[in-house]
Amino acid sequence: MRPLRGLSLYGHYLLLGFRSQAEYRVDLALMIFGVTVLNAVDVALLAVILTRFPALGGWSFWEVAFLYCLYLAALGLENTFLLHLVDIDELIRDGTLDHMLLRPRPVLLQMLAKDISPRDLAQVGLGLGGAWYSLHRLGLALGVAHWALLLAYLVAGAAVLGGIVLAICSVGFWTVRSRVFLAGTGELQEVVQHYPAHVFGQWFVGLVTLVLPFAAINYYPAAALLGKPTVVSGPLLALLPFLAAAGCLTAGGLVWRLGLRSYLSTGT
Amino acid sequence: MTSAVGHGGRVLLAFAWQGARTSTAYTTAYWMELLNAAVRVFAVVTVWAVLYRSYPQQFPVTGGQTKTYAAVTQLTAVMLTWWSGAHHRIARQVRDGTLYVDLLRPVSYPFQLLCWELGESAARLGLVVLPAGIPLFVLLGLGPPGSAAGGLLSAASTVLSFVLLYECNFLVGLVVFRTLSLKGVQHAYHALITLLSGLWIPLWLYPGPLAAISQVLPFRSIFYTPAAVYVGYLDGPAAVRACAVQLGWAVVLWLGLEAGWAGTRRALSAQGG
Amino acid sequence: MTEVVVHELAKSFRVRDAGGRSAVAQLVRPRYAVKEAVRGVSFTIGRGEMVAYLGPNGAGKSTTIKCLAGILAPTSGTVRVGGLTPVRQRKELARRVGVVFGHKTSLWWDVPVLDTYQLLRRVYDLPRARFEARLELLRDTLGLAEFERTPARQLSLGQRMRADLGAALLHGPSVLFLDEPTVGLDVLAKESLRTFIRRTNETEGLTVLLTTHDMRDVEELCQRILVIDHGRLVFDGTPAEITRRWVPWTEITLEVARPVPPMAGDGIEEVAREPGRCTVRFTRSRYSLPEVMAVLANHYPVLDCRVNEPTIEAVVRRMYESSATLPASRRPQP
Ligand SMILES: Nc1ncnc2c1ncn2[C@@H]1O[C@H](COP(=O)(O)OP(=O)(O)OP(=O)(O)O)[C@@H](O)[C@H]1O
Ligand SMILES: [Mg+2]
């Protein structure tokens with residue numbers, strides 16, 4: 001009953017957020033165009049790399065493309081629903097957080113419900129389309145069960161990203177400016193998105209598996225689906241993205257709680 | 001004339017000081033920025049080291065040059081923060097209506113913004129790029145410039161890069177006066193820079209058609225030219241020619257900027273902001 | 001029945017304190033200072049009371065309100081509102097109190113006011129019938145109908161404040177905290193806001209604590225005044241008491257026929273003089289008004305006279321001015 005009510009409230013918040021956007025009549029088409037161009041260019045760069053270097057660490061051109069597309073789709077999914085996490089510092093500065101604290105509802109719910117970003121669904125579409133095409137070029141036809149698994153990996157990947165972003169942005173409770181922390185992981189994310197992690201050595205694989213598990217977003221799922229060898233194998237490989245998702249969400253929730261408590265006592 | 005220069009210099013200094021203050025206003029944020037720069041350079045250099053090791057025959061330069069090119073472009077990018085330059089400032093000022101404050105000042109708006117950006121870039125050079133870059137160069141065993149002349153030319157070329165990027169950003173910023181929003185436009189513009197400036201991939205690896213397109217556009221002058229001169233891939237007359245092209249673009253775009261701004265001002269005064 | 005209990009409330013902030021050091025030094029080893037915004041404030045407010053919370057800029061008023069509203073946790077001391085502990089019982093508290101910050105709206109900026117209210121209905125789980133009745137009441141008393149379909153960003157400041165008050169009262173709270181609700185409003189808008197607050201207080205027994213820099217708010221709304229300065233409570237009492245304590249005299253302006261030497265007596269003295277006019281001040285505890293008039297008529301060739309009762313504004317100005325010299329320990333007992 002309670003979660004259901006929470007969900008309906010979330011829906012109503014979103015509706016209001018959507019109306020706010022409609023008020024500004026933000027040019028959705030232009031935005032989608034921009035995002036598409038940006039990703040098209042990214043793919044073009046990847047194509048330049050892959051025509052020069054046809055196989056990276058034993059992964060062929062279309063295998064790397066598949067890797068890239070999985071990340072793209074998960075990132076799109078995360079951005080669609082968790083877009084406003086990066087605004088924590090903004091909300092603190094302009095006093096909106098105070099108003100959220102005055103409402104008898106979880107602050108995180110109010111924050112996430114501010115808005116969703118349908119344009120990022122375009123990225124999900126782009127990623128899934130690219131993944132499908134890559135599989136086609138690889139001559140792999142996934143069955144329904146495998147597609148279901150792929151979608152589950154996608155959700156897990158979005159959760160991994162969401163948890164990490166939540167944890168990092170919650171640092172904004174202490175430092176007023178949290179975007180720099182997120183920017184710091186940007187390069188790492190780029191690398192994981194574009195290249196199979198193991199080409200950089202075991203230390204890198206460890207880093208993006210155990211510390212900031214970005215590899216659980218695309219590297220392990222792609223390896224599991226394409227049957228590529230990684231440091232882990234078997235059922236552990238198949239389950240790893242879900243474990244990482246659980247871990248990241250827990251960590252994110254924890255930092256958020258600590259941050260909110262600190263805000264209440266310091267009012268930074 | 002000299003007093004105008006003196007005035008300009010003072011404005012510049014004031015803005016540079018302001019830039020330094022803003023970049024250090026938040027302690028943790030500053031240290032994080034330093035760390036970010038280091039991680040960024042390290043990551044990109046590592047990628048190219050691995051690529052070189054896998055396929056050395058694909059490169060017209062040495063492994064050392066490849067890594068140095070990557071480091072130089074990334075550090076330049078950090079210094080210029082090309083992803084949030086003048087166009088963002090213009091968009092913000094148009095949105096929250098603070099533009100008129102700058103228009104009231106007795107210095108032309110494009111020049112003010114230039115000083116502001118220059119101030120921030122100078123501050124970032126001193127506070128972030130050098131402190132992060134020098135240890136990284138030592139640690140990763142990256143090379144000095146190909147030659148002394150190359151080093152000097154590359155430094156001059158970096159200044160031109162700054163001007164060129166500023167001009168492009170400003171021109172994109174002018175679009176905001178028509179659309180009132182930078183979204184979309186900004187993505188497309190950033191895509192152009194990403195693809196054609198040599199920021200991520202040295203242009204010498206580009207296949208024919210793409211290389212040809214990059215030849216006729218100004219973007220390659222922003223990141224590719226100074227870095228290619230630095231590592232000595234462009235050398236002697238070729239290097240001088242590349243810098244001359246940069247200068248040419250800088251002049252042409254400045255004229256465009258002045259014309260665009262004059263038009264926008266006319267439109268502004270006609271509509272009353 | 002007490003609604004609000006504040007006991008020895010203290011709140012301090014850690015602030016960056018460069019203290020004249022260079023930016024680089026501050027980067028390498030940032031130095032902090034502790035800013036004690038509120039230090040040991042105690043008071044209680046009974047149900048249905050309307051209390052003004054006064055003090056110069058930076059005295060700690062907003063900080064106290066935030067502690068009461070559950071936005072800030074006290075550094076020490078206890079706070080109870082409607083029997084609840086703010087912060088710890090944040091969600092229960094939210095259903096019992098309404099808060100308005102005059103300088104920051106709680107309305108959704110880009111959508112009509114009514115849409116915000118509709119969302120709040122769900123946030124507070126109000127049954128539809130109750131919501132409609134409440135809305136009808138607010139429409140009547142606040143004149144919402146006139147602008148309820150306008151996006152908040154297009155409202156005038158006065159309309160926005162009315163809409164904000166409506167939003168704060170929609171769920172029928174029993175306590176209302178107002179932080180500078182009349183800031184920036186014109187005379188008429190202030191008047192209508194005050195009328196509304198007074199009426200709600202009378203009809204619903206609403207408890208109100210309000211901070212303001214406009215003493216007319218105090219005169220027209222509050223039976224009781226709290227004054228805070230440098231984080232300490234320096235006064236707690238009625239408007240009459242504050243006047244008695246801080247401006248124990250009354251001034252009389254006399255129109256005189258011709259100049260005479262100024263009067264300087266025991267408890268009566270001339271404090272200002274213009275051609276044809278003198279202002280005289282007397283201590284109220286020493287003389288009654290008829291006595292003074294008699295004495296004055298004896299000394300001055302009086303043509304006409306006007307009695308200037310001290311306004312709260314004047315009283316508070318005197319308080320703030322002398323605040324630097326106030327002994328820190330002087331905390332009155334309620
Ligand atoms: N979040 C914060 N961090 C640091 N210092 C703060 C913070 N909030 C308030 N202060 C400081 O605490 C003191 C009291 O501030 P407060 O806002 O409570 O004053 P006020 O009485 O509401 O003043 P005003 O009449 O100007 O609104 C001020 O000196 C202020 O600078
Ligand atoms: Mg205040």
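This talk goes through two interfaces of a predicted model, then one chain and a few single residues.

Some ground rules. The model is predicted, and local features need pLDDT of at least 70, side-chain atom pairs count only at pLDDT 80 or more, and totals for chains, interfaces and linings use all residues. Residues are numbered from 1 along each chain as its sequence is written, chains are lettered from A and ligands numbered from 1 in the order in which they are written, and side-chain values use heavy atoms, with hydrogens and water left out.

I start with chains B and A. How many residues of each chain take part in the contact? Chain B brings 34 residues and chain A brings 31, where contact means heavy atoms within 4.5 Å. The size of an interface is often given as the accessible area lost when the parts come together. Between chain B and chain A about 3,000 Å² is buried, and carbon and sulfur atoms give 77% of that. Buried area here is the accessible area, taken with a 1.4 Å probe, that two parts lose on being put together, summed over both. On the chain B side, B:Tyr26, B:Tyr55 and B:His187 supply 18% of the area that chain B buries against chain A, more than any other three residues.

A salt bridge is a side-chain nitrogen of Lys or Arg within 4 Å of a carboxyl oxygen of Asp or Glu. Three residue pairs are in polar contact between chain B and chain A, both residues at pLDDT 80 or more. A polar contact is a pair of N or O atoms within 3.5 Å; within protein, one must be able to donate a hydrogen and the other to accept it, and residues adjacent in sequence count only if both atoms are side-chain atoms.

Which helices of chain B each supply at least two residues of the side that touches chain A? They are helix H2 (27-54) and helix H8 (185-196), and H2(B) gives the most, with 14 residues. Helices (H or I, at least four residues) and strands (E, at least two) are DSSP runs, numbered from the N terminus. By residue type, that side of chain B divides into 24 nonpolar, eight polar and two charged. For those classes, Ala, Val, Leu, Ile, Met, Phe, Trp, Tyr, Cys and Pro count as nonpolar, Asp, Glu, Lys and Arg as charged, and the others, Gly among them, as polar.

Two residues belong with this part. B:Thr194 lies in helix H8 of chain B and counts as buried because its relative accessibility is 12%. Buried means under 20% relative accessible area, exposed over 50%, and partly exposed in between, with a 1.4 Å probe and protein chains only. Leaving aside neighbours within four places in sequence, B:Thr194 is in contact with A:Val41, A:Leu45, B:Trp82, B:Trp200 and B:Tyr206.

The other residue is A:Asp42, in helix H2 (residues 28-52) of chain A. With neighbours within four places in sequence set aside, A:Asp42 is in contact with A:Tyr68 and A:His194.

Next, chains C and A. Here 31 residues of chain C are in contact with 27 of chain A. The buried area is about 2,800 Å², with 59% from carbon and sulfur atoms. C:Ile71, C:Arg90 and C:Val123 lose the most area in chain C, together 21% of what that side buries. The rule finds two salt bridges across this interface, and C:Asp125 and A:Arg105 meet in a salt bridge at 3.0 Å, N to O.

Last, chain C as a whole: 11 helices and 13 strands, with 51% of its 334 residues buried.
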